[in-house]
Amino acid sequence: MAYKFSMLTQEQAEIIAFDWHYDGEYSFYNMEADKEDLDEFLNPEERGNSTFAVTKENELVAFLSISEVTDTIFDIGLGMRPDLTGKGNGTEFLRAGINFIQSEFKPEKITLSVATFNQRAIKLYRKVGFKDVETFMQDTNGSTFEFLKMVYEC
């Protein structure tokens, strides 16, 4: 069955923020790890109409945030439910997300940024067609981390 994208509800945002906990180094992605990110994610006005719940067979399996950088470039943030990660689900989910973005927004490019320690995600992004652009340092989660900016040419 296919992935379905719909506007993230407040209830779904709270489930993601408070119930989704990743193991080991991936705990970096727990919403509660950065108060500023948590507050932004939980605020319906901050989320606006650009954060989507991703369901499969009526079950919340992921989220996708889309930000318009220019008329033709859209930046994404995404997360998959912790118990589904590392099991080969990423390729289908990411391709479905790209198809959704292309049909709804007609971008020329899709960009994302990923912590460089997350080689599992970087490998997936490259497999689906994202290319490395540059690395940069970003303050988050109480420290400074290296991130990789990547781009997908539509």
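Is Lys106 buried or exposed? Lys106 is exposed, with a relative accessible area of 58%; the classes are buried under 20% relative accessible area, exposed over 50% and partly exposed in between, for a 1.4 Å probe and protein chains only. The residue lies in the loop between helix 4 and strand 5. Although Lys106 is not a glycine, its phi is positive, at about 55°.

The model is predicted, so that local features need pLDDT of at least 70 and side-chain atom pairs count only at pLDDT 80 or more, whereas totals for chains, interfaces and linings use all residues. Residues are numbered from 1 along each chain as its sequence is written, and side-chain values use heavy atoms, with hydrogens and water left out. Helices (H or I, at least four residues) and strands (E, at least two) are DSSP runs, numbered from the N terminus.

Seven strands form an open sheet with mixed pairing, in the order 1-2-3-4-5-7-6. Strand 1 (3-7) and strand 6 (131-140) are the edge strands, each of which pairs on one side only; two strands pair if DSSP finds at least two bridges between them. Direction ignored, neighbouring strands of this sheet are turned by 30° against each other on average. Axes here are lines fitted to C-alpha atoms, for helices over the stretch in contact, and angles run from 0 to 180 degrees between N-to-C directions.

Strand 3 (residues 59-68) and strand 4 (residues 73-80) run antiparallel and are joined by seven bridges. Ser67 has Asp75 in strand 4 as its bridge partner. Asp75 is also 8.4 Å from Ser113 in space, C-alpha to C-alpha, while the two residues are 38 apart in sequence.

Ser113 itself belongs to strand 5 (residues 109-115). With a relative accessible area of 33%, Ser113 is partly exposed. Leaving aside residues up to four places away in sequence, Ser113 touches Phe136, Phe147, Leu148 and Lys149; contact means heavy atoms within 4.5 Å. Strand 5 is joined to strand 7 by seven bridges, and the two run antiparallel. Lys109 has Glu153 in strand 7 as its bridge partner.

Strand 7 also runs antiparallel to strand 6, to which nine bridges join it. Asp139 is paired with Thr144 in strand 7 as its bridge partner. The hairpin of strand 6 and strand 7 has two residues between the strands. Asn141 is found in the loop between these two strands, and its phi is positive, at about 50°, although Asn141 is not a glycine.

Thr55 is located in strand 2. Thr55 is buried, with a relative accessible area of 12%. Its contacts, not counting residues up to four places away in sequence, are Ala2, Tyr3, Lys4, Leu60 and Val61.

Helix 4 (residues 90-105) lies across strand 1, strand 2 (51-56), strand 3, strand 4, strand 5 and strand 7 (143-153), and runs at about 45° to strand 3. The axes of helix 4 and helix 5 (residues 119-128) come within 10 Å and cross at roughly 55°. This angle makes helix 4 oblique to helix 5; angles under 35 degrees count as roughly parallel, over 145 as roughly antiparallel, 65 to 115 as roughly perpendicular and the rest as oblique. Helix 4 passes helix 5 in a right-handed crossing, where right-handed means that the near helix is turned clockwise from the far one by less than a right angle, and left-handed that it is turned anticlockwise. Gly90, Thr91, Leu94, Arg95 and Ile98 of helix 4 make the contact with Leu124, Tyr125, Lys127 and Val128 of helix 5. The residues of this contact comprise five nonpolar, two polar and two charged. In this scheme Ala, Val, Leu, Ile, Met, Phe, Trp, Tyr, Cys and Pro count as nonpolar, Asp, Glu, Lys and Arg as charged, and the others, Gly among them, as polar.

A further helix pair is formed by helix 1 (residues 10-19) and helix 2 (residues 35-42), whose axes come within 9 Å and cross at roughly 160°. The two helices are therefore roughly antiparallel to each other. The crossing of helix 1 past helix 2 is right-handed. On the side of helix 1, Gln10, Ala13, Glu14, Ile16, Ala17 and Phe18 meet Leu38, Phe41 and Leu42 in helix 2. By class, the residues of this contact are seven nonpolar, one polar and one charged.
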